[in-house]
Amino acid sequence: MLEISKRRFVQLAGLSIADKIWPKWLRAEPQMPRRDGRVIIVTFGGGVRYSETFAPEGQRNIPRLVGMRPEGYFFENCINSGVLSHFNSTASIVTGNWQRVDDFGFQPPAGVTLFEYYRKQTGAGPMDAWAVATNKSFASMGASGDRAFGLPYGANVVLPKQLLLEAVQDVVKKGAEGGVASRENVLQRLEGVLSEGYEGVGWTIFKAGRTLDKQVRETLVRGLVEYINGPEAPASGDELTFFITREVMREFAPRLMLVNFWDMDVAHWGSYSLYLNAITRTDRLTGMLWDEIASNPHYRGKTTMLVLPELGRDGDQNAANGFLNHRSGDPSCRNMWMLAMGAAAPKGHTDRPVYHVDVAATAVELLGVKADGIAGKPLRELLL
Amino acid sequence: MKVSPKLQALIDKGLLDRLPVSFSSFCLDQMKDWELLFPAERSYHERLFGLLDRSSAESVEALFAPVREVERAMGVNEKTFPKGKFTLDQVDFLNRNPRYPEWRAAIAKVFAQVDPVLDADVARSGHARLVVVMAPSDLAADPSRMWLRIASRGQRVALDGEFAPGLLGSVVQDFAAGKHGGAYSSWIVEAGSALARVPAAGAVRYSYEGHAPYRKRLMKEVQAVVDAQVAPGPRQFSERLKQMKILASEGEAARDPLLAEFARAILLSGNGTLLINNTFVEWATVQGIRRARPSVMVVGFGIRNKVKPFSSLLIYADQDTSNPIPSQMDTLGTYVDLEVFYQYIWQECEKYAEYRNNTAYLFVGDGMDEILAIAPADFPLLNAKGPVKPSAVAQASKDWLGV
């Protein structure tokens, strides 16, 4: 008969019921750097409220995310405690520090971005970190002004909607036959803008200089062609953002990406139905991005996708004008959610408060790099 | 700065100098274009500063102590907040300051103490008011699917016949000529022209369709400023926009500097008022209520067009000319949009003492045989036994207003 001491018995018994009584993260061993982990951060840029997304009455607008949630880890209470403007909100996400810089892109983020930490410490090349965004002010989102880091370690920043705007404006101005009703006209101008002055649309692509590297250009053109010939006749900026993102993933397989969707900022126009349509479109595109991660061998099984709104919007009871704006600072503006999917995400959920600045702190851990001076805390639920 | 003699006397006494600078600068900024303020706005400022003047120095100091405290913590000083200056720089300073939420809370606390006193003044001189919000005839929704966000607050009233916009003309006109009437007391805001055909002398009128010449010129001029890149930042851009005033040939509002400036501000407020008819209607209505506190407000929504592929990205482009695809009505989208706007308009009114407990809200549909009435219990229609004739709605409204 096996004899065990009382102390040993308690130890073993404790271990056997640990699963039942301790959260998994409390039992986790210190982690080794995740040398081949990949991170894709997807923001619902422009802002979206809980009430139109994960609140019971909003879930019909986001069928893909609702379907994905049981497979991932859901943070029910993800808070933006910073400035409720677009640039500062997203810059807080990528730096891990609350940002209070000029909101029109005249200043880069005030703290080192996770792109810079990642590239400098790992020696990753310029094609290994991308930010695909929308708002022109986001052109400076890829790198801080920190002398020890900065542009040499930043992300490539591409702004597909700005490219589309330039092309559509040209087509309208030139009055070509069929105008913008001809998708071929639009494609020709998109390619034209890409050849003639991509920097004019705010893009920063490293190593390529004034002329786009052939491989980069071919990749982007493939994204444009897929977009123009898409079976659902896509026409929005976010759809182009998706096609460009997917081509970049297929061609360069960057380990770190920020994808900033933006269509839902149409709420500023004051049409609730257009706002809801945009949310549903972003939900669909986010689902398609997850499908790509799941099917692309560079990403399958080693990628963590973090999906979160960059901010909310004013509540219906608010003094401003409800969903149109995001200036009040009320809970509808600040209290959001985050869904983590993939490699680092166990199935589960928590209602403990987490913060937008925690995203960068978590991402650097997932990438196996160290970052000093990040105010956010790594999300222990994702670091098992 | 020119303000009323009453207010000037208070300023001369140094009343504003005794207040926290972020508060006093904001108020001075609000008052700096005194001639462009509605009577209700002028009255508010006079009553606010009159109250502060009548209050003891200790109580004013106690009232503003939390604001002073947070100002110190924020680093408010003569450099960041030059006396009397409240430009985008100061807004930016506040917005980006880590203690901005505390500042907002401190300011809200001031108004939470002041407003009940000011509201009591207003309530003592209150009178009956009427707000009519009309859905367009092309909105193919059954009345039972209308006004769902606010229906529980009122009573549906069946009509013996269909409601028509023409019924409202004499209500507006008679009120404007009555004892509570006068300048800026009656407003008609609409997307199209159905209400424009209703004779209502003395009413303030804004119409998205009616302002088409001004809107289209604004779009061109704004696009030209963007293209020329002569306004490198929001401050310079804002200054440019202030110069784009309505011309006499572009609408009646040009005759009155106050109404002309209101039209400019509504169309260039940064939201979708240039682009979407119903956004214009909602924003003009909400701002009209907030600023002018009209006693009669008649609001006519329209059908929004579908967003056109690609060209809709160009927010300052005329969609009729920039895209060969014909414009199409979006009736379903409009229905969804308006359900929110009915709520927002009702809510906006209920924020103000002038409207609370004094106002009959009638939500009607052009051609519909049912209305929603949200009103005090003594509003005549609420006691109707069975369907009422549409003309009786107009009469009940007149009886309510006492005209």
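## The sheet

Two strands count as paired if DSSP finds at least two bridges between them. Strands here are DSSP runs of E with at least two residues, helices are runs of H or I with at least four, and both are numbered from the N terminus. With that in hand, chain B of this predicted model has seven strands in an open sheet, ordered β2-β7-β6-β1-β5-β3-β4, with mixed pairing. At the edges sit β2 (155-158) and β4 (204-207) of chain B, each pairing on one side only.

Now look at β3 (residues 186-190) of chain B: four bridges join it to β4(B), and the two run parallel. Val189(B) stands opposite Tyr206(B) in β4(B).

## A helix with a bend

Helix α6 (residues 100-124) of chain B has 25 residues and spans 36 Å from first C-alpha to last, close to the 36 Å expected at 1.5 Å a residue (that is, 1.5 Å times one less than the number of residues). At Val114(B), α6(B) bends by about 30 degrees, and Pro116(B) follows within four residues; the bend is the angle between axes fitted to the seven residues ending there and the seven starting there.

Which residues of α6(B) are buried? Trp103(B), Ala106(B) and Val122(B) are, where buried means 20 or more other C-beta atoms within 10 Å of the residue's own, exposed means 12 or fewer, partly exposed lies in between, and C-beta atoms are placed from the backbone.

## About the model

Residues are numbered from 1 along each chain as its sequence is written, with chains lettered from A and ligands numbered from 1 in the order written. As this is a predicted model, local features need pLDDT of at least 70 and side-chain atom pairs count only at pLDDT 80 or more, while totals for chains, interfaces and linings use all residues.
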